[in-house]
Amino acid sequence: MQFIIPVGIVTAMGLLAGGILTIADKFMAVQMDETAAKVLAALPGANCGACGFAGCADYANALAKDEEHAIKANLCTPGGDAVAMEVSSILGVEFEGASSKIAIMKCSGSRDRTSYAMDYQGHQTCKANKLFFRGRGACEMACLGFGDCVNVCAYDAIRIENGLAVINKYKCVGCGLCAKACPNALIEIVPDKTRVVVGCSSVDPGKVTREICAIGCIACKLCEKTCKFDAIHVINNHAVIDYTKCKNCTACAKKCPTNVIHVFPRPVSAPQQKPKPVAAETAQVEAPAQ
Amino acid sequence: MQEMMIIILSAILVNNFVLVKFLGICPFLGVSKKLDSAVGMSLAVIFVMVLATAVTYPIQMGLLVPLQIGYLQTIVFILVIAALVQLVEISLKKYVPSLHQSLGVYLPLITTNCAVLGVTILNIDEKYTFFQSLLNSFGAGVGFLLAMVLFSGIRQRIENNDFPAAFKGIPAVLIAASIVSLSFMGFSGVIDGLFGH
């Protein structure tokens, strides 16, 4: 008799728990949307976040749930027109060309123009160097040159040249991973048609900038006065272009006394097919074993 | 009121589950690499600890003690906690998908976390009442959160520094953990000092 009660109780509890879970699973089942699965298959799977969602799966779910088609089907910049067309046909909406974007570099401080303030021997990443004092550059906002941006780029579009990150306009798909990796926030994602870029983010006053960097923005405001479209302003001691207003007239670049406002050449022809990522990354979760 | 404060504060600082009682070391070392996942894991732990106590305490007092089968405590508690966590996961997925997404894989991991089983059994060993047990579980969870958040900051520094090859990786982390634990030992007199016992 003394065996029956404990065995019975554990059995009953096991059965009860199993029963409750079975019922719960049946009543609270969440079905994966069929449309979402199709859209997810069409997306490149880079999980870069360029669309503004947490990843490809998130974007696919949002598109599938959105019955009024308020979310655009062409937000995937790495996928370009091809993916936008496929997604549009799955959702049954009209195809719009993908809004292409591109990364620009807001520092021009290569080794011959500015210098390092320290001989840093620590962990060789920008992030680690930035934690130490305020980074190795003489200018607080200079490119640190360890290539954190190079490491995250899945498209092989950035390299470090003479201590400065240089973006290859023809390989860049505008996914924005490099912009997130830069501890100085020197990389910005802008519309593809952009031709004018301010190559400086210095927050020091003009006099200091002039001493430590041969090309830095000295906040003279000449560009501000030249611009007819109210598109360029000196904010925090450096010029900042408002790309919603900029008409690419390049007048500011011609006036700039330190030549820190660069003019990019127009693309020869729009690339037909954007390259696929070199290594598609999937979100990895560190799962410790108990 | 004073008693409540004593229970919560001692669970958070003096008897910190991770750093003083060395329970739940695995997620402490495994999930503290990033601040946001450390916070997500800790919130899940707080939630499950309180819920598990609310369920296991009545089972112990209403079923195991009257029938004199206290030796079944461990297996029954494990069964109940595992089923409970699974149920919570299913219902979160259905009703609060955003929370489910942010907790991610940590929720099922808690099923077999020794800190959760530990807090339910310790509540009974300490002869707490039902309400005191809930407070103690909550405090233990908050203590876990505190340890995780503090340690994830230190982990960040460890990751970004150049160590001698022999210390790289887990050795450096374990040494750092021992020093943090050392500092928590300093809290042992705090409650007596605060409430004058």
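What pattern does chain B follow, read along the sequence? Chain B follows the pattern α-α-α-α-α-α-α-α-α-α, with 10 helices and zero strands; helices (H or I, at least four residues) and strands (E, at least two) are DSSP runs, numbered from the N terminus. This is a predicted model, in which local features need pLDDT of at least 70, side-chain atom pairs count only at pLDDT 80 or more, and totals for chains, interfaces and linings use all residues. Residues are numbered from 1 along each chain as its sequence is written, chains are lettered from A and ligands numbered from 1 in the order in which they are written, and side-chain values use heavy atoms, leaving out hydrogens and water.

- Of the 197 residues of chain B, 48% are buried (under 20% relative accessible area, 1.4 Å probe, protein chains only).

**Contact with chain A**
- The contact (heavy atoms within 4.5 Å) involves 35 residues of chain B and 26 residues of chain A.
- The largest share of chain B's side, 11 residues, comes from α4(B).
- Between the two chains there are zero salt bridges (a side-chain nitrogen of Lys or Arg within 4 Å of a carboxyl oxygen of Asp or Glu).

Definitions and conventions: Buried means under 20% relative accessible area, exposed over 50%, partly exposed in between (1.4 Å probe, protein chains only).
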